[in-house]
Amino acid sequence: VPLSSKLYPCFPNPFNPSTTISYFLTEPGRVNLSVYDILGRKVITLLDDPKDTGFHSIFFQHENLPSGVYFVRLTARNFTSINKSVYAR
């Protein structure tokens, strides 16, 4: 069990057309999980809801994305983490 909240790398990565995003929370609270393009523009908000302590996963599929590098950003209470992911068509 992690000692602090954690955003795990997307799997698979690179992905086409889907990937799984997993994270662990050490305390309950509101979670925002969003995907940004290489220019920092928000592509989609996957989650903006309260979540309990523990391990969580979310399936991400977006067939209309252009190939490229994307950033997954998790914000939960006073924790923020960003991972890079590649979408390859």
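Contact here means that heavy atoms lie within 4.5 Å. This is a predicted model, in which local features need pLDDT of at least 70 and side-chain atom pairs count only at pLDDT 80 or more, while totals for chains, interfaces and linings use all residues. Residues are numbered from 1 along each chain as its sequence is written, and side-chain values use heavy atoms, with hydrogens and water left out.

**View 1. Ile-21 and its contacts.** Leaving out residues up to four places away in sequence, Ile-21 touches Leu-7, Cys-10, Leu-33, Leu-46, His-56, Ser-57, Ile-58, Phe-60 and Val-72.

**View 2. The largest nonpolar core.** A nonpolar core is a set of buried Ala, Val, Leu, Ile, Met, Phe, Trp, Tyr and Cys residues joined through side-chain atoms within 4.5 Å. Buried means under 20% relative accessible area, exposed means over 50%, and partly exposed is in between (1.4 Å probe, protein chains only). The largest core has 20 residues, and Ile-21, Tyr-23 and Leu-33 touch the most other members. Two or more residues come from each of E2, E3 (29–37), E4 (42–51), E5, E6 (68–76) and E7 (79–87). E6 gives the most, with four residues.

**View 3. The strands.** Helices (H or I, at least four residues) and strands (E, at least two) are DSSP runs, numbered from the N terminus. The protein has seven strands and zero helices.

**View 4. The open sheet E1-E2-E5.** Two strands pair if DSSP finds at least two bridges between them. Strands of a sheet pair through backbone hydrogen bonds, either parallel or antiparallel. Here, three strands form an open sheet in the order E1-E2-E5, with antiparallel pairing. E1 (6–7) and E5 (54–61) stand at the edges with a single partner strand each, so one side of each has no neighbour in the sheet. Two bridges join E1 to E2 (residues 18–25). Leu-7 has Tyr-23 of E2 as its bridge partner.

**View 5. Ser-5, ahead of E1.** Ser-5 lies in the segment before E1. Its relative accessibility is 12%, so Ser-5 counts as buried. Apart from neighbours within four places in sequence, Ser-5 is in contact with Phe-24, Leu-25, Thr-26 and Phe-79. A polar atom of the Ser-5 side chain lies 3.2 Å from the backbone nitrogen of Thr-26.

**View 6. The whole protein.** Buried residues make up 39% of the 89 residues. The C-alpha atoms fill a box of roughly 35 × 25 × 15 Å, taken along the principal axes.

Definitions and conventions: Polar contact = N/O pair within 3.5 Å; in protein donor to acceptor, adjacent residues only side chain to side chain.
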